[in-house]
Amino acid sequence: MLYALGKSLGSEEGFGEVKACLTSVLAKLVIWGLLSALLYHLVAGIRHLIMDMGIGETLEGGKLGSKIVLAVSAVLIVLAGVWIW
Amino acid sequence: MVTNVTNLSRSGLYDWMAQRVSAVVLAAYFIFLIGYLIANPGLGYAQWHALFANNAMRIFSLLAFVALGAHAWVGMWTIATDYLTPMALGKSATAVRFLFQAVCGIAMFAYFVWGVQILWGI
């Protein structure tokens with residue numbers, strides 16, 4: 001990711017190269033995979049912060065929270081896929 | 001404790017706080033970046049370059065790099081001290097854990113320096 005950032009910022013040709021590379025199906029799959037992991041980590045992390053505030057700390061709350069995390073992440077990951085393609 | 005000496009601050013509470021503060025910084029940074037890319041579908045080089053040449057964005061990016069290093073360190077330290085234990089690995093656990101943590105630390109430092117080079121090289 002840093003390599004792509006450096007190349008895309010380094011020169012106009014580099015930016016074009018990164019842009020062209022990201023049009024391939026394989027690159028899109030990799031980006032989708034990375035974005036999926038990031039989104040799930042983000043949603044689960046936000047749940048942790050909410051639980052740190054004392055919300056949803058019971059057994060039932062924990063179970064419900066984990067289901068909400070999975071559902072929200074799934075929706076975001078599908079949306080990310082739509083955005084990439 | 002042997003496992004305590006390698007944590008970020010010698011204090012679990014401080015690490016707990018560092019993990020959460022860095023998490024909020026990283027969440028803000030990535031939500032901003034993804035939002036920016038969604039809002040600008042036909043992004044060109046000039047606009048992309050101008051975004052990162054902006055001093056506010058440099059400060060935000062540098063803050064995100066520091067947060068990424070700290071967040072990743074707390075996370076990998078936790079994994080290393082949870083799983084690379086004498087119970088799992090026997091006598092070589094301390095050596096394996098130290099090597100693993102050393103590789104993580106070098107990686108995070110290298111990513112940080114690389115990130116700074118990119119930000120100030122443009």
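In chain A, the residues Ala4(A), Lys7(A), Ser8(A) and Gly10(A) of helix α1(A) meet Gly14(A), Phe15(A), Glu17(A) and Val18(A) of helix α2(A), where two residues are in contact if their C-beta atoms, placed from the backbone, lie within 7 Å. This is a predicted model, in which local features need pLDDT of at least 70 and side-chain atom pairs count only at pLDDT 80 or more, while totals for chains, interfaces and linings use all residues. Residues are numbered from 1 along each chain as its sequence is written, and chains are lettered from A and ligands numbered from 1 in the order in which they are written. The helices are DSSP runs (H or I, at least four residues), numbered from the N terminus.

Helix α1 of chain A covers residues 2-10 and helix α2 of chain A residues 12-21, and the two pack at an angle of about 135 degrees with their axes 5 Å apart. Axes here are lines fitted to C-alpha atoms, for helices over the stretch in contact, and angles run from 0 to 180 degrees between N-to-C directions. The angle makes α1(A) oblique to α2(A), since angles under 35 degrees count as roughly parallel, over 145 as roughly antiparallel, 65 to 115 as roughly perpendicular and the rest as oblique.

We now turn to the place where the chains meet. The contact takes 14 residues from chain B and 13 residues from chain A. On the side of chain B that touches chain A, α1, α2 (45-53) and α5 each supply at least two residues, and α1(B) gives the most, with 5 residues. Helix α3 of chain A (residues 25-52) and α1(B) have axes that come within 11 Å and cross at roughly 135 degrees, which makes α3(A) oblique to α1(B). In this pairing Leu38(A), Leu42(A), Gly45(A), Leu49(A) and Asp52(A) from α3(A) meet Arg20(B), Ala23(B), Ala27(B) and Phe30(B) from α1(B).

What is buried in α1(B)? The buried residues are Ser22(B), Ala23(B) and Leu26(B), and they pack against α3 of chain A together with α3 of chain B. A residue is buried if 20 or more other C-beta atoms lie within 10 Å of its own, exposed if 12 or fewer, and partly exposed in between. The 28 residues of α1(B) should span 40 Å at 1.5 Å a residue, which agrees with end C-alpha atoms that are 40 Å apart; the expected span is 1.5 Å times one less than the number of residues.

Helix α3 of chain B (residues 55-83) can be checked in the same manner, because its 29 residues should span 42 Å at 1.5 Å a residue and its end C-alpha atoms are 42 Å apart, which agrees. Its buried residues include Phe65(B), Trp73(B) and Trp77(B), and what covers the buried residues of α3(B) includes α1 (12-39) and α5 (93-121) of chain B. With α5(B), helix α3(B) packs at an angle of about 170 degrees, the axes being 10 Å apart, and the two are therefore roughly antiparallel to each other.

Finally, Thr6(B) lies in the segment before α1 of chain B. With 17 C-beta neighbours inside 10 Å, Thr6(B) counts as partly exposed, and, leaving aside its neighbours within four places in sequence, Thr6(B) is in contact with Trp77(B) and Gln101(B).
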